Amino acid sequence: MTHLLQSLLPMSALTLPKRLVVSSSLTLLLDRCTRSKKPLYSRMSATSSTPLTHSISLPSQLGQPVQIVASPGLSDSEFRSAIESSLFKKWLKNLESESGILANGDMTLTQVLIQGVDMFGKRIGFLKFKADIIDKGTGKKVPGIVFARGPAVAVLILLESDGETYAVLTEQARVPTGRLVLELPAGMLDDDKGDFVGTAVREVEEEIGIQLNLEDMVDLTAFLEPSTGFKVFPSPGGCDEEIGLFLYRGCVDKNIITQLQGKETGLLEHGELIKVCVVPYEKLWRMTPDAKTLMAIAIYEMAKKEGLLPHKS
């Protein structure tokens with residue numbers, strides 16, 4: 001017996017699976033990123049009449065330095081934080097990875113314009129920049145507007161009760177869409193350690209108010225081919241966000257479904273106004289516009305069809 005809802009019910013109220021199915025490929029991916037070569041940085045410079053600039057040299061195009069330029073209004077500290085941020089460094093590593101844009105030498109990065117920095121406390125949460133990447137064959141620029149927010153996780157929670165399976169989701173205000181959105185509990189990684197599983201569990205606890213065990217998580221994106229990096233990209237045309245999708249399955253009494261429905265959660269100090277919503281799983285694919293949810297459903301159903309999921313104990 002494992003436990004869901006530490007705040008709502010006694011320890012014996014719920015039976016959950018006891019299998020750890022987090023692919024070692026995720027660890028291999030993170031190790032590969034760690035071993036990647038770091039760009040060589042030069043000093044930052046600026047005068048009263050020119051913007052802040054910085055020059056770097058990438059291993060894939062030695063002898064062709066890349067100019068990093070700050071947009072007007074960007075402070076020296078913001079510019080420095082942007083260049084030193086894990087978001088920017090990870091983007092540079094991706095450019096030179098095995099499947100990276102610069103890997104085969106057909107394209108070159110000439111300049112990056114840092115346009116905006118949003119701080120989450122002492123670290124950068126969001127970074128906006130434009131990259132001038134030139135296709136050598138045509139001499140044309142490749143579209144290069146980037147909204148960088150880094151890796152994230154989302155969890156598909158399925159609870160079985162009285163012969164029916166329910167999905168547990170959140171509804172919250174998403175200002176960029178101008179709408180309330182029904183979606184999977186999800187969140188950004190808080191550090192550079194790549195703790196996808198731990199982050200997934202913490203997000204569920206914060207957004208749903210239930211406690212999960214690490215060993216009960218199934219990494220859905222681990223079923224993808226290695227060429228995908230075992231992640232999904234919801235909007236690769238403008239955002240670097242890569243999401244690891246996880247599955248959690250359990251069995252509960254019907255009163256637990258009732259208690260979860262409409263529960264208000266979230267971190268108020270972070271402006272999170274979240275309402276828990278429980279919907280029949282068979283209807284879920286038609287009830288939400290959330291890409292995370294629809295991608296998780298697709299991978300879950302295909303993995304189930306091919307017999308890749310562990311048996312629930």
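How many residues does helix α4 (residues 196-207) have, and how far does α4 reach from its first C-alpha to its last? Helix α4 has 12 residues and reaches 16 Å from its first C-alpha to its last, close to the 16 Å expected at 1.5 Å a residue, where the expected span is 1.5 Å times one less than the number of residues.

This is a predicted model, in which local features need pLDDT of at least 70 and side-chain atom pairs count only at pLDDT 80 or more, while totals for chains, interfaces and linings use all residues. Residues are numbered from 1 along each chain as its sequence is written, and side-chain values use heavy atoms, with hydrogens and water left out.

The protein chain has 7 helices and 17 strands; helices (H or I, at least four residues) and strands (E, at least two) are DSSP runs, numbered from the N terminus. Of the 313 residues in the protein chain, 46% are buried, where buried means under 20% relative accessible area, exposed means over 50%, and partly exposed lies in between (1.4 Å probe, protein chains only). Helix α4 is mostly covered, since 9 of its 12 residues are buried, among them Phe196, Val201 and Glu207. After α4 comes glycine 209, whose phi is positive, near 85 degrees.

Helix α2 (residues 76-84) and helix α3 (residues 86-95) pack at an angle of about 45 degrees, with their axes 5 Å apart. Axes are lines fitted to C-alpha atoms, for helices over the stretch in contact, and angles run from 0 to 180 degrees between N-to-C directions. The two helices α2 and α3 are therefore oblique to each other, as angles under 35 degrees count as roughly parallel, over 145 as roughly antiparallel, 65 to 115 as roughly perpendicular and the rest as oblique. The residues that meet, with contact meaning heavy atoms within 4.5 Å, are set out below.

| Helix | Residues in the contact |
|---|---|
| α2 | Ala82, Ile83 and Glu84 |
| α3 | Ser86, Phe88 and Lys89 |

The largest nonpolar core has 27 residues, of which Trp91, Leu109, Val112, Ile114 and Leu127 touch the most other members; such a core is a set of buried Ala, Val, Leu, Ile, Met, Phe, Trp, Tyr and Cys residues joined through side-chain atoms within 4.5 Å. A second, separate core of 25 residues includes Cys277, Val279, Tyr300 and Ala303.

Glycine 237 is found in the loop between β14 (218-219) and β15 (242-252), and glycine 237 is exposed, with a relative accessible area of 77%.
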